[in-house]
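Open the model in your viewer and keep the sequence beside it. The tour goes from one selection to the next.

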Amino acid sequence: MQYLLNINGKNESVTADPDTPLVWILRDEIGLTGTKFGCGVASCGNCTVHVDGAAVKSCQLRIKQASNKKITTIEGANTPVA
């Protein structure tokens with residue numbers, strides 16, 4: 001399926017299985033490797049991103065849940081987002 005994401009203030013369109021974890025979309029599809037994969041069970045926090053201003057573990061957030069939300073990764077943390 002096709003999904004529209006707003007990542008660090010930039011719109012990105014990706015095609016992925018609806019149950020793909022956001023961490024893999026960020027790293028493998030978009031190339032933002034600052035978000036790290038750690039434990040895979042939301043325990044370590046390595047994959048934390050902000051989604052609509054709230055801290056979220058991207059290993060547990062599916063692409064279908066992240067669609068049409070504002071996502072800020074570590075790469076965009078010091079960049080003002082419009």
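Select Cys59 and show its side chain. The closest cysteine sulfur belongs to Cys47, 3.6 Å away, which is too far for a bond. A disulfide is counted when two cysteine sulfur atoms lie within 2.5 Å, and the structure holds 0 of them. Cys59 is buried, with a relative accessible area of 6%. Now select Cys47: this residue is buried too, at 3%. Buried means under 20% relative accessible area, with a 1.4 Å probe and protein chains only.

A note on the source: this is a predicted model, in which local features need pLDDT of at least 70 and side-chain atom pairs count only at pLDDT 80 or more, while totals for chains, interfaces and linings use all residues. Residues are numbered from 1 along each chain as its sequence is written, and side-chain values use heavy atoms, leaving out hydrogens and water.

Next, switch to a cartoon view. Look for 5 strands forming an open sheet with mixed pairing, in the order S2-S1-S5-S3-S4. Strands (E, at least two residues) and helices (H or I, at least four) are DSSP runs numbered from the N terminus, and two strands pair if DSSP finds at least two bridges between them. At the edges are S2 (10-15) and S4 (54-57), each of which pairs on one side only. Neighbouring strands are turned by 40° against each other on average, direction ignored; axes are lines fitted to C-alpha atoms, for helices over the stretch in contact, and angles run from 0 to 180 degrees between N-to-C directions.

Select residues 2-7, strand S1, together with residues 70-72, strand S5. These two run parallel and are joined by 2 bridges. Asn6 stands opposite Lys70 in S5.

Contact means heavy atoms within 4.5 Å.

Not counting residues up to four places away in sequence, Ile25 touches Leu5, Val14, Ala16, Thr20, Ile30 and Ile63. Ile25 is also among the residues with the most contacts inside the largest nonpolar core, which has 16 residues. Such a core is a set of buried Ala, Val, Leu, Ile, Met, Phe, Trp, Tyr and Cys residues joined through side-chain atoms within 4.5 Å.

Finish at S3 and S4, which run antiparallel with 4 bridges. His50 stands opposite Ala55 in S4. The two strands form a hairpin with 2 residues between them, and Asp52 in the turn has a positive phi of about 50°.

Terms used
Buried < 20%, exposed > 50% of the residue type's maximum accessible area, 1.4 Å probe, protein only.
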